[in-house]
Amino acid sequence: MKRRRWILFTLFVAAAAIVLLASSPAILPCFSRWLDIGQRPVKADYVMVLLGDEQTRPFVAAALAAEGWADTVLLTEIAPSPQTIDGISPPSHEIARDILVSRGVPPERIVLMPAEARSTFDEARALAGLLESRPNARVLAVTSDYHSRRSRWVFHHVLAEQADKVTFVTAPTDYYVTDRWWRSQWGTRAVASEYLKLAFYLMRYGYLVHWTAACLLLAAVAAWVRRRQSVTRHPG
Amino acid sequence: MTRKRKISTVAFAAVVLVAILFHSLLLRGLARPLISEQMIGDYDGICLISSLQSPEGDRCYDVAAQLWRDNPTASVLILEPPDNRIVEAGALPSFATVSRRELSKRGVPEEAVVILPREGIDDWTIARALGDRLSDRPETTVVLLCDEFHSARLRAAVDESVGEKSASQVWIMPLSDRRFNRDDWWKTRTGTRTVGMSWLMLLQHWFSDWGATPPQADADEYEKRVIESWREDAP
């Protein structure tokens, strides 16, 4: 009986794997689409460019400024990389600033928030600092499509109620095909790593560890109760 | 508890104990498949590549300049990716321009530098650009500088994309990152992120076929498409 159950279970797993593999071109695009929580722009006081991916984000920020959605563009000072320290390339915030200026944003409308940021958390904290003096300000946060869900989670975590003042406008990624992300190194890097980072954030800053521990405890108790019942029924 | 279950429990506990006691060894071993190292012999060329728009490999220009000083007859090959919006916007010079400048600062003369165009931004385009160069020069060898955790993937791309003869003419020199050590990469955030990303990309290389990089729109076209999408979303 037990052996038959194992054979059926193995057949079921094999069948499920075959179905998943066959339908993966239909399923895998959902992984990249789920990460994109972009919203339509609304009139705001600031556009904030989340740094990284300079091929897309500053251009979208420049378009938002040009279309009149906000007057001021915020950049966060980024901690220097080894290449910046060696004088090979400027820091990301300077690259973003130069792109904004070249796309028509007047330099006096670009504000650099001092932060030495190394992560999205640091950028959110920099914005929290600014919002302390401007509690009614509305912000359009620009980031890449694949980065937006995690960014929103981070901003909610750091800003709490003030996170309602932030609207996420996503910059579409065009150096890989988003619906075929797994066929590109950069697509895999962007999408798959976002899920790993989300899981890490949920464990480190969220309650994933607590929920996992609770589920494991419940499973252990259920297994113990089942064994006790089995022993009671068949004491021999 | 049955005997079988007792043995399973003891075996499981033993595995967990070994994992805890030897975690450093296990984690170090996890990073090894990502690195390809070879003995470097006589070479005729030193190749530099970029990761999107930045030069790849920490201190790559220092290493390239030193290799050139060790063999002043070698050429320094710069694999130039297609121009992108950041270069078009004038916010950053092209990879070739940056490389010429940095190599010149380190004493490599302009005549030693050769710019080779590359079709896209994936590893296969690096392999093909090198393969095209080497197929015309069957007796030459090239040292390809790259980030150490990219080296195994690049080695695989070169071996798979160009003929056996051309692949044997490419030696890969992995460059370590000053921010963390390959032997305790898990102790830093940068190390953990680098090894994690590198594994993802190696898995992608093994299990997925390669799709071409789509042509990138220029800045005006990109912004126009984004603005139109906002208008389409308007209620």
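## A contact between chains

Asp86(A) is partly exposed, with a relative accessible area of 29%. The class runs between two limits: buried means under 20% relative accessible area and exposed over 50%, with a 1.4 Å probe and protein chains only. The model is predicted, and local features need pLDDT of at least 70, side-chain atom pairs count only at pLDDT 80 or more, and totals for chains, interfaces and linings use all residues. Residues are numbered from 1 along each chain as its sequence is written, chains are lettered from A and ligands numbered from 1 in the order in which they are written, and side-chain values use heavy atoms, with hydrogens and water left out.

The side chain of Asp86(A) meets that of Arg178(B) in a salt bridge, at 2.5 Å from N to O. The pair crosses between chains. Asp86(A) sits in the loop between helix H3 (82–85) and helix H4 (92–102) of chain A. Arg178(B) sits in the loop between strand S7 (170–175) and helix H9 (189–207) of chain B. Helices (H or I, at least four residues) and strands (E, at least two) are DSSP runs, numbered from the N terminus. Arg178(B) is also partly exposed, with a relative accessible area of 29%.

## Salt bridges within chain B

Over all chains the structure holds 23 salt bridges. Each is a side-chain nitrogen of Lys or Arg within 4 Å of a carboxyl oxygen of Asp or Glu. Arg182(B) pairs in this way with Glu148(B), the closest N and O atoms being 2.9 Å apart. This pair links distant parts of the chain, 34 residues apart. Arg182(B) lies in the loop between S7 and H9 of chain B, and Glu148(B) in the loop between strand S6 (142–147) and helix H7 (151–161) of chain B. Glu148(B) is buried, at 1% relative accessible area. Arg182(B) is partly exposed, at 22%.

Glu37(B) and Arg32(B) form another salt bridge, with the closest N and O atoms 3.9 Å apart. Glu37(B) is partly exposed at 46%, and Arg32(B) is partly exposed at 40%. A network of salt bridges links Asp62(B), Arg101(B), Glu102(B), Lys105(B) and Arg106(B).

## Cavities

There are two cavities of 30 Å³ or more. On a 1 Å grid over the protein atoms alone, a cavity is a set of points where a 1.4 Å probe fits but cannot get out; lining residues have an atom within 4 Å of a point. Grid points are joined across faces, edges and corners, and a volume is the space filled by probe spheres set on the points.

The largest cavity has a volume of about 60 Å³. Its lining includes Leu52(B), Glu80(B), Asp83(B), Val87(B) and Phe95(B). By class, the lining has six nonpolar, three polar and two charged residues. Ala, Val, Leu, Ile, Met, Phe, Trp, Tyr, Cys and Pro count as nonpolar, Asp, Glu, Lys and Arg as charged, and the others, Gly among them, as polar.

The second largest cavity holds about 40 Å³. Its lining residues include Asp86(A) and Arg178(B). Pro82(A), Ile88(A), Asp58(B) and Cys60(B) are also among them. This lining has three nonpolar, two polar and four charged residues.

## The sheet of chain A

Chain A has an open sheet of five strands in the order S3-S2-S1-S4-S5, with parallel pairing. Strands S3 (110–117) and S5 (166–171) of chain A are the edges, and each pairs on one side only. The twist averages 25° from one strand to the next. Axes are lines fitted to C-alpha atoms, for helices over the stretch in contact, and angles run from 0 to 180 degrees between N-to-C directions.

Strand S1 (residues 46–49) and strand S2 (residues 72–78) of chain A run parallel and are joined by three bridges. Two strands pair if DSSP finds at least two bridges between them. Val47(A) stands opposite Val73(A) in S2(A).

How values were computed: 1 Å grid on protein atoms, 1.4 Å probe; cavity = no way out; pocket = protein on both sides within 12 Å on 5 of 7 lines; lining within 4 Å.
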